[in-house]
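Colleague: I have the file open and a few things to ask. Can we go through it chain by chain?

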Amino acid sequence: MGNQTLKRLFRSKFFMIGLVVCTILIILSIISPWIIYYDPLKTDLQNKLLPPRWLADGFKGHILGTDSLGRDILARILIGSRYSFFVSFSAVAISASIGIMLGLFAGYFGGWIDNLIMRIGDVQLSIPNLLLAITVVAILGPAIQNVILVMVLTIWVQYARLIRSSVVISKSMEYVSASKILGASKSWILFRQILPNVLTPCLVLASQQIGWMIFLEATMSFLGMGVPSPTPSWGTMISLGRNYLYIAPWVVLVPGIALMITVLAFNFIGDGVRDAFDPKMRSG
Amino acid sequence: MQNNKLLDVKNLKKYFKIKGKGYLHAVDDISFEIYKGETLGLVGESGCGKTTVGNLLLRLLPETGGSVFLDDIDILNAPNSLNREICRKIQMIFQDPYSSLNPKKKVKEILAEPFLVQKIVKGQKAVDNKIVELCEMVNIQKELLTKFPFELDGGKRQTVCIARALAFRSDLIVCDEPVSSLDVSIQAQIINMLMDLQEKLNMSYLFITHDLSVVRHISNRIIVMYLGKIMEESPTEDLFERPLHPYTKALLSAIPSIDTEKSMDRIILEGDVPSPINPPQGCRFYKRCSKAQPICLEKEPQLRDTAFPGHRVACHFAKID
Amino acid sequence: MKNTNKDNTLLSIKDLFVEYRTYEGTVKAINGLNFSIEKGESVGLVGETGAGKTTTALSILGILPQRIAKVTQGSIKFNGLELLDPKNKKELEIIRGKRISMIFQNPLTSLNPVFTIGEQIAMVLMQHEGLSRKKAFEKAAITLESVNIEPRRAMEYPHQFSGGMRQRVGIAAALVTGNPELLIADEPTTALDVTIQAQILELIKKLQRENNLSMIMITHNLGIVAEICTKVSIIYSGRIIESGSTKEVFKNPRHPYTIGLIGSLPDIAVKKTRLTPIPGFMADPMNLPKGCSFNIRCPYAQDVCKEINPEQTQLGADHFVCCHFAGKHGGLIAKQ
């Protein structure tokens, strides 16, 4: 199954485009501290709001211009991407882990455990995520771990629900009965028989959520709930550049376009993964 | 053969509560025995409860009543400490070879599981040796060990299921329709394999099926079930030559045969199999029986002995001598 | 196949070749199929999974999956009309709706769960026969009666019907429009209990007699074929390898596959101590062997079998077989 799915993945043009772009972005973000020319935090008020130079000065000039405090936009974009990727990947990883564990227990044991977990999840879902973000940040203050916390609280429920329904179906499969009659313990059945079978939808979900988490982080930063300045973040950059939209549009446009390309590329990956795993997409 | 009793089922019951409708009598007070080295066929159509019987014996479901003694162990009320021993004595081959193998596991992992779960041997090498033994017993080539279930066809999957069921050299194997979902060309191979293995390992089988043609080949004795009750019990050939219960007669006559001259006069049963929810008192077969009389509706016939050894029937009007 | 009375031939398939084109390769599903059925006749089409039975049925009805399947050669004539000719598209639609009907193995999936049984049959009538709503419902009730279902049950939904009843509805729906001359039944009783199967077979027999229907019964169950078909055609790797009257073929099977098939199936009236399965598996349709496609499993295969695909040999008035050594393996059945 792995082979066929991989073949399907690589056949999808959108997935390949997304994969290439994301790979480039991730590599850039990793090596960014070593390739930028300017310090993203250093202000240079004499050179503020310089327009993009399009390689006019080779790599020495401010290729993408400067912001209202004279900080190099390119450097800020690159360093900001590290932060975006770190936050969103962590959030997805942590949410998935927690959500999967809770979903496993809810699905397998049913009864009050199931009820408790699912009702907590219901309450969670009924809180609009921005309201949640505002509340958490108001109480705990703006910090990178709190941003991740907000994201985890927002999406763990999806994993839990997904896993839970898959587990309920798997429970009634005969291979589970076969394990039981061999004398297997509950944890053996749960982790070694059922878990491998319910992970696939999570993989699809995770790949689709990374793009959303990047966007959510930018939104939070834009609204001032992300990591505070001077740490560069695309959302913050857009927020600060708002006031200069008519005189120096690049201050907003550059991070905006970067955000758009990144989210789009991750969405392509997500769609590709979803289609590759979808049995109905398998043509004869 | 009396001292060779392996399984003793007494008054086994399983009722399911259906919301708003009452109780579904899936298995309703049945008793039977299985002796060492024999195959007991359990036949009936859908809804008769035969699969539920299998599940009860393997303790996959809690019983509503009755007792099951396996080699003198009361398996339905056994303490947890005996759990392992019981698992080793009785195993099951499931009906659907597609869902009874974990699609994410290779054949090798599937066959290793019994030994790992019961901690029979220690170390990878010992487990591998055991797997090789199993493969030899059922003729699985080494190449198949690294394959996933979806890469195998129905017959090979079922062979893997059989190998898994043999891991403990159990005394009793419950075969729940093991060939029903297989292609006809494979059925013969699997049936032959089961028969060979039984001889070699001196196991007993409870062979659950709706296919009377298949059960004739493999069983020593047969039980016919209808709506949760046993209608007739008999040594195999005796059942085919001398069916005593009207239901058995209808069942046998309904089976189309390639030898049209030999086939019996068709008895076509009217109507559908009724629901096992809140069954009426009296004989379960009353509604579709051509020989029904008022007493059949009032009083439920008990299984009684006939002049033919080992042949019992639950009918007020069966010719018992 | 030669018919003494050509005018009586209802359906005639000649040299049919059908392929499925997939990513993994070309599946040669039908390889030179010759088949015919006369008016009022019932023929059993017997074969294992993958032999091409369902593909044959779909080809007749013209409902092969469009993107993947391709008829590369051959002709299918219904009452003299060439069904594969694209010019006859209009006629094919009428024939498909009214002259040829099909019943499937699992009638539940072909019934819409949100409409009552009566509504579904009536809708078909209103659409295909232009009947008014009132008349359509009346005819639906009569149709249900003809398949032994009480008309008042027309108000019920498919999930309230048992498997046997749904199949009866499937049969009713197949026979309700137009006046079908040919009924194709694709494993109609495989999913049913044996006593219900007996009911359905009786019903099919009765309807066939009453309406002078021709019928193709697709199945792997030789007993059913012996019961309700007058002729049988054994299909293997997309070809008919033996055909003739059911009595003749089952008494004197001549093709090693047929002999093997009969020996491998448990039969209620024949007590065998040991089944003799046919060794090996059917040839991979993406990789058919040269010569006779049965040669890899045939205990009597000779060199010629591996080179040349045998043509049809006529053995008796109505007994045909595709084997180089036809007639020479007849003694085998006596051994069993």
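Colleague: Which residue is the bridge partner of B:V9 in β4(B)?

Modeller: B:V9 is partnered by B:V68 in β4(B). Keep in mind that this is a predicted model.

Colleague: How many bridges join β1 and β4 of chain B there?

Modeller: There are 5 bridges between strand β1 (residues 5–18) and strand β4 (residues 65–70) of chain B, and the two run antiparallel.

Colleague: And what does β4(B) do with β5?

Modeller: Another 2 bridges join β4(B) to strand β5 (residues 73–74) of chain B, again antiparallel. In that pair, B:L70 stands opposite B:I73. The hairpin has 2 residues between the strands, and B:D71 takes a positive phi near 55 degrees.

Colleague: Switching to chain C. What is the strand order in its open sheet?

Modeller: The order is β2-β1-β4-β5, so 4 strands with antiparallel pairing. At the edges are β2 (25–38) and β5 (81–82) of chain C, each of which pairs on one side only.

Colleague: How many bridges between β1 and β2 of chain C?

Modeller: Strand β1 (residues 9–22) of chain C is joined to β2(C) by 11 bridges, and they run antiparallel. As one example, C:E19 has C:K28 as its bridge partner in β2(C).

Colleague: Now chain A. How many helices and strands?

Modeller: Chain A has 10 helices and 0 strands. Its C-alpha atoms fill a box of roughly 75 × 50 × 30 Å along the principal axes. Of its 284 residues, 42% are buried.

Colleague: What share of its contacts comes from residues 24 or more positions apart?

Modeller: Such pairs make up 72% of the contacts in chain A with a separation of 6 or more.

Colleague: α8(A) looks off to me. How far apart are its end C-alpha atoms?

Modeller: They are only 47 Å apart, whereas a straight helix with the 37 residues of α8 (residues 186–222) would reach 54 Å at 1.5 Å a residue.

Colleague: Where does α8(A) bend?

Modeller: At A:L195, by about 55 degrees, with a proline, A:P196, following within four residues. After α8(A) comes A:G224, whose phi is positive, near 85 degrees.

Colleague: On to the interfaces. How many residues of chain A are in contact with chain B?

Modeller: 16 residues of chain A are in contact with 22 residues of chain B. On the chain A side, the elements giving two or more residues are α7 (174–182) and α8. The largest share, 8 residues, comes from α7(A). By class, that side has 9 nonpolar, 5 polar and 2 charged residues.

Colleague: And how many residues does the contact between B and C take from each chain?

Modeller: It takes 31 residues from chain B and 35 residues from chain C. On the chain B side, α6 (184–201), α7 (212–218) and α9 (246–254) give two or more residues. Of these, α6(B) gives the most, with 6 residues. By class, the chain B side has 14 nonpolar, 10 polar and 7 charged residues.

Colleague: Last topic, the largest nonpolar core. Which residues touch the most other members?

Modeller: B:L172, B:V174, B:L206 and C:M217, out of 253 residues in that core. Helix α3 (residues 73–109) of chain A gives the most to this core, with 16 residues.

Colleague: What is B:L206 in contact with, leaving aside its neighbours within four places in sequence?

Modeller: B:L206 is in contact with B:I34, B:L40, B:L42, B:G54, B:L172, B:V174 and B:C175. Two of these, B:L172 and B:V174, are named with B:L206 among the residues that touch the most other core members.

Conventions
Residues are numbered from 1 along each chain as its sequence is written. Chains are lettered from A and ligands numbered from 1 in the order in which they are written. This is a predicted model: local features need pLDDT of at least 70, side-chain atom pairs count only at pLDDT 80 or more; totals for chains, interfaces and linings use all residues. Two residues are in contact if their C-beta atoms, placed from the backbone, lie within 7 Å. Ala, Val, Leu, Ile, Met, Phe, Trp, Tyr, Cys and Pro count as nonpolar, Asp, Glu, Lys and Arg as charged, and the others, Gly among them, as polar. A nonpolar core is a set of buried Ala, Val, Leu, Ile, Met, Phe, Trp, Tyr and Cys residues joined through C-beta atoms within 7 Å. A residue is buried if 20 or more other C-beta atoms lie within 10 Å of its own, exposed if 12 or fewer, and partly exposed in between; C-beta atoms are placed from the backbone. The expected span of a helix is 1.5 Å times one less than its number of residues. The bend at a residue is the angle between axes fitted to the seven residues ending there and the seven starting there.
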